Structure formats: structure tokens, C-alpha cells
Amino acid sequence: MQRPLFLESIDDRGVARITLTRAEVHNAFNDQLIAELTTALLGLESDPRVRIVVLAADGRSFSAGADLNWMKAMADFDEKENLRDARGLARLMRTLNELGKPTIALVQGAAFGGGVGLVACCDIAIASETANFALTEVKLGLIPAVISPYVVAAMGERAARRYFLTAERFTAQDAQRLGLIHEVASPHRLEDAAERFIASLLEAGPTALTEAKALVFAVAQRPLDDRVTEDTAKRIARLRCSPEGREGIAAFLEKRKPAWLPE
């Protein structure tokens with residue numbers, strides 16, 4: 001029986017966890033992992049039990065990017081076959097980036113190439129202080145193409161121009177300074193840091209979290225014009241009239257917990 005490429009679980013709070021389990025190859029991608037991980041994320045998206053998704057990994061590395069055997073196979077592909085493979089990875093990144101539930105990357109070790117893309121696609125990223133990062137594609141005569149929209153959004157154009165071109169490694173502290181990582185923790189405190197974020201997210205209305213994430217996408221990089229202001233006004237008006245919005249406001253005024261929190 002084939003060993004699973006990742007493990008998936010959902011706890012009684014609605015926190016889903018996907019843990020990459022290919023530690024022997026530094027949790028590198030191949031076409032099978034890309035396809036199965038995309039399917040798993042879509043399943044969590046549609047699962048009403050799930051409120052938060054945590055992406056983690058076993059072993060010394062979070063993800064080393066492309067698997068060497070997969071890269072060898074791609075070297076013999078023609079452009080049409082390579083395009084099909086690239087579209088698969090692009091779909092994975094977009095699925096993770098646009099997932100309608102909060103996502104947390106728990107980066108315990110090195111993240112290179114596509115691994116950096118996974119981190120950038122998550123809403124919140126926490127890294128061990130011993131983790132390091134690199135966008136090494138140019139050393140192979142390639143470019144970090146399908147991950148680039150998410151990495152540039154996370155770390156900025158100026159930093160991307162440096163690290164895309166030099167392929168140099170940078171530390172977790174550098175990644176935090178650049179905006180790729182939100183918090184750095186000691187290795188034995190990584191899970192504690194994740195739990196603090198999870199606790200905060202679980203206090204929020206589930207629909208509000210989805211709508212808040214959509215709001216960021218709706219206003220980011222757009223000029224402030226009448227369409228944007230009208231769109232934002234309609235969004236808050238709709239939520240104020242929603243069952244969750246009404247319950248949240250009533251709970252606040254009545255000094256009680258909202259219905260989505262356990263008694």
C-alpha cells in the first residue's frame with residue numbers, strides 16, 4: 001500500500017490540519033501531491049465542519065519545492081505537457097490563496113521555491129526561528145512563475161526583484177521583516193503560536209471571516225473610486241442584516257457570547 005503524501009484531520013473545534021509527510025524528500029512537490037492536495041483543499045472548503053485550515057509538514061523541511069524525479073520527467077516533456085503540469089500547480093496555489101476559510105502556514109523548516117508559494121498563499125504564516133527561505137529557480141534556468149503573484153503580494157515588488165534574481169537564502173527573521181512571515185517562534189513554541197491565532201480566529205463569526213478575506217481581495221491594489229466605496233458600503237450593509245451580523249451585535253449589546261462560541 002502506498003504511503004500517503006499528507007495526513008488530514010479535523011478536530012472538534014473545526015480546525016482542519018493538512019500535514020505534508022514526504023519528509024524523506026523534504027516534502028517536495030510532484031504531480032500526484034499537487035493534484036491530491038488541491039482536491040483535499042476543495043473538500044475542506046465545502047465541509048461545513050471546517051472553520052480554519054492549518055498547513056504543516058513533517059521532518060526538517062516545510063517544502064523544498066519541486067521533486068527531483070518530477071523535474072527529471074518534466075525535462076523530457078514538450079511545451080504542451082509542461083503547460084499542463086504548470087497549470088496544475090497554478091490551480092493548487094490559487095485554490096489555497098482563495099480558500100474561503102482562514103489558512104495558517106506552520107513553517108517548521110526550510111521553504112524553497114514552490115514551498116515559499118504555499119507560505120505566501122496562506123492568510124497567516126508562522127515560522128520557526130531556524131527556518132530559512134529561498135526562491136532558487138533561476139539557478140536551474142527557470143523562474144518562480146506560477147507562485148509569483150502570491151509571493152510578490154506577500155513580500156513586495158522590491159524584495160522580489162532581489163530574491164527572484166539572486167536565489168539567495170534568507171532567514172525567518174528576514175522573511176518576517178519583508179512581510180512573508182507574520183510571526184517567528186522558537187521551534188518548541190511553534191504550535192503555541194499557532195494556537196494563539198486559532199483561538200483568535202475562533203472568536204470571530206465564521207461568515208465574517210470569509211467575508212473579511214474576500215474584502216481584502218476586493219480592495220487591494222484598486223484605486224479608491226466610487227465603485228470601491230459603493231462596493232464596501234454594500235458589503236457591510238449586507239452583513240449587518242445577516243443572521244450572523246444581527247446575532248453578533250445583539251450578543252455584544254447584551255454582554256453575552258455570540259451563538260457561534262461554546263457556552
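How many cavities of 30 Å³ or more does the structure hold? In this predicted model, the count comes to one. About 40 Å³ of space lies inside the largest cavity. Helix H1, strand E3 (52–57) and helix H3 each put at least two residues into the lining of the largest cavity.

Two of those contributors, H1 and H3, also pack against each other. Helix H1 spans residues 31–46 and helix H3 spans residues 79–98; their axes sit 9 Å apart, at an angle of about 25°. Angles under 35 degrees count as roughly parallel, so H1 runs roughly parallel to H3. The crossing of H1 past H3 is left-handed. On the H1 side, the contact uses Ile34, Leu37, Thr38, Leu41, Leu42 and Glu45, and these meet Gly88, Leu89, Arg91, Leu92, Thr95, Leu96 and Glu98 of H3. Seven residues of this H1–H3 contact are nonpolar, three are polar and three are charged.

The largest pocket holds about 940 Å³ of space. A set of 35 residues lines the largest pocket, and Ala66, Met71, Met74, Glu137 and Leu142 are the ones nearest its centre. Helix H2 (68–75), H3 and strand E6 (110–112) are the elements that give two or more residues to this lining. Which element gives the most to the lining of the largest pocket? That is H2, with six residues.

Next comes the second largest pocket, with a volume of about 740 Å³. Its lining is a set of 25 residues, and Asn97, Asp123, Ala153, Val216 and Phe217 are the closest to the centre. Helix H4 (114–121), strand E7 (124–128), helix H5 (148–155) and helix H9 (206–219) are the elements that supply two or more residues here. H9 gives the most to the lining of the second largest pocket, with five residues. That lining counts 18 nonpolar, four polar and three charged residues.

H9 also has a helix partner. How do H9 and H10 lie relative to one another, roughly parallel or roughly antiparallel? The axes of H9 and helix H10 (residues 226–240) come within 11 Å and cross at roughly 180°. Angles over 145 degrees count as roughly antiparallel, so H9 is roughly antiparallel to H10. From H9, the contact takes in Thr207, Glu211, Ala214, Leu215, Ala218 and Val219, while H10 brings Val228, Asp231, Thr232, Arg235, Arg238 and Leu239. The H9–H10 contact has six nonpolar, two polar and four charged residues.

Definitions and conventions:
Residues numbered from 1 in each chain as written. Predicted model: local features only at pLDDT ≥ 70, side-chain atom pairs only at ≥ 80, totals over all residues. Heavy atoms only, no water. Axes fitted to C-alpha atoms, helices over the stretch in contact; angles between N-to-C directions. Helix = DSSP H or I, 4+ residues; strand = E, 2+ residues; numbered from the N terminus. Parallel < 35°, antiparallel > 145°, perpendicular 65-115°, else oblique. Left-handed = near helix turned anticlockwise from the far one by under 90°. Contact = heavy atoms within 4.5 Å. Nonpolar A, V, L, I, M, F, W, Y, C, P; charged D, E, K, R; others polar. 1 Å grid on protein atoms, 1.4 Å probe; cavity = no way out; pocket = protein on both sides within 12 Å on 5 of 7 lines; lining within 4 Å. Points joined across faces, edges and corners; volume = space filled by probe spheres on them.
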